[in-house]
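The exercises below are meant to be worked with the sequence and the coordinates open side by side.

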Amino acid sequence: MKRGLLLLCLLAFAAGATQVSGQVGSGRPFVTTAGVDDCFALPTEPACPSAELATFILNVLGKPLRAFDEGDGNKTLGHTFNDLPDGYNEIWVTMRLKASGDPLTYNDTVNFEFNPDWIPGEVSAWGWGLYISSIVGWWGPGSETTITLNLADLPPDPRGRTSVMNLLEDGMLDVCVDDDTIVDYIMLTSCEVPVDVNAETWGGVKALYR
Ligand SMILES: [Ca+2]
Ligand SMILES: [Ca+2]
Ligand SMILES: [Ca+2]
């Protein structure tokens, strides 16, 4: 059933007393990729962090900005996806990573959603962040992996956080990989997963179209 037609049915229900059930959501994935899936082949591809994220990496972390496939240690890759589609209710992030030859790859991290209102020691700069080694196991020079993370069901970070979905209403997603790990590409897959409808109130109907 087309989405508009279903909405009309739901409106009809809201005006009357007939119970409506069914599903909304196309189930079609929306895929966008930063960097090129080329197994770290040169030349590099540019990463595009937001101005706030770039300023944080340069001035607070004190690291040069890393491009995709750029192989040196002590650089940080930041990228901001700013085209999240409306209507998604599930987002997956896939990225291919390779530890550089720097001996300090074991403490490298993956982070989502920069918080410009962070306060040192009080409010985290990230909506979620975790050591790569906590996700994949040992992460030493030359290690390589491809990870896929569900932004609604992340492995718990040190603050116990497991989701950043409530931070994405601005349509943007920040990704940061710090600081001795090479990033081939980051692929974002958004999916409007069909959900069951059994709306009993107009508020319930509207909630389905938030
Ligand atoms: Ca390349
Ligand atoms: Ca490091
Ligand atoms: Ca690449």
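Two residues are in contact if their C-beta atoms, placed from the backbone, lie within 7 Å. This is a predicted model, in which local features need a pLDDT of at least 70 and side-chain atom pairs count only at pLDDT 80 or more, while totals for chains, interfaces and linings use all residues. Residues are numbered from 1 along each chain as its sequence is written, and chains are lettered from A and ligands numbered from 1 in the order in which they are written.

**Exercise 1. Describe the chain as a whole, including the confidence of the model.**

Step 1. Take the contacts between residues at least 6 apart in sequence: 72% of them join residues at least 24 apart.

Step 2. Assign the elements, where helices (H or I, at least four residues) and strands (E, at least two) are DSSP runs numbered from the N terminus. The chain then has four helices and 10 strands, and their order from the N terminus is α-β-β-α-β-β-β-β-α-β-β-β-β-α.

Step 3. Count burial, calling a residue buried if 20 or more other C-beta atoms lie within 10 Å of its own, exposed if 12 or fewer, and partly exposed in between, with C-beta atoms placed from the backbone. Of the 210 residues, 31% count as buried.

Step 4. Check pLDDT, the predictor's confidence in each residue from 0 to 100. The chain averages 87, and 83% of the residues score at least 70. Over residues 1-18 the pLDDT is below 50, and this stretch has 14 contacts in the model beyond near neighbours in sequence.

**Exercise 2. Work out the order and pairing of the four-stranded open sheet.**

Step 1. Two strands pair if DSSP finds at least two bridges between them. By this rule the strand order is β2-β9-β4-β7, with antiparallel pairing. The edge strands, each pairing on one side only, are β2 (29-35) and β7 (144-150).

Step 2. Go through the pairs. Strands β2 and β9 are joined in the antiparallel sense by seven bridges, and V31 has T189 of β9 as its bridge partner. Between β4 (residues 90-99) and β9 (residues 181-191), which run antiparallel, there are 10 bridges; E90 is partnered with C191, and T94 stands opposite M187. Strands β4 and β7 pair in the antiparallel sense over seven bridges, with T146 of β7 as the bridge partner of R96.

**Exercise 3. Which residues touch the most other members of the largest nonpolar core?**

Step 1. A nonpolar core is a set of buried Ala, Val, Leu, Ile, Met, Phe, Trp, Tyr and Cys residues joined through C-beta atoms within 7 Å. The largest such core has 36 residues, and V93, F112, V183 and I186 touch the most other members.

Step 2. Trace the contributors: at least two residues each come from α2 (51-61), β3 (75-81), β4, β5 (109-114), β6 (126-131), β8 (173-179) and β9.

Step 3. Inspect I186, which, leaving out residues up to four places away in sequence, touches A34, G35, H79, V93, M95 and V175.

**Exercise 4. Which residues of α2 are buried, and which are exposed?**

Step 1. The residues L53, F56 and I57 are buried in α2. They cover an arc of only 95° around the axis (taken from the directions from the helix axis to the C-beta atoms), which puts them on the same side of α2.

Step 2. On the other side of α2, A51 and N59 are exposed.

Step 3. The buried residues of α2 pack against β3, β5 and β8, and the helix is followed by G62, whose phi is positive, near 70°.

**Exercise 5. Why does P141 count as partly exposed?**

Step 1. P141 lies in the loop between α3 (132-136) and β7. It counts as partly exposed because it has 15 C-beta neighbours inside 10 Å.

Step 2. Leaving out residues up to four places away in sequence, P141 touches A99, S100, G101, D102, P103 and T105.
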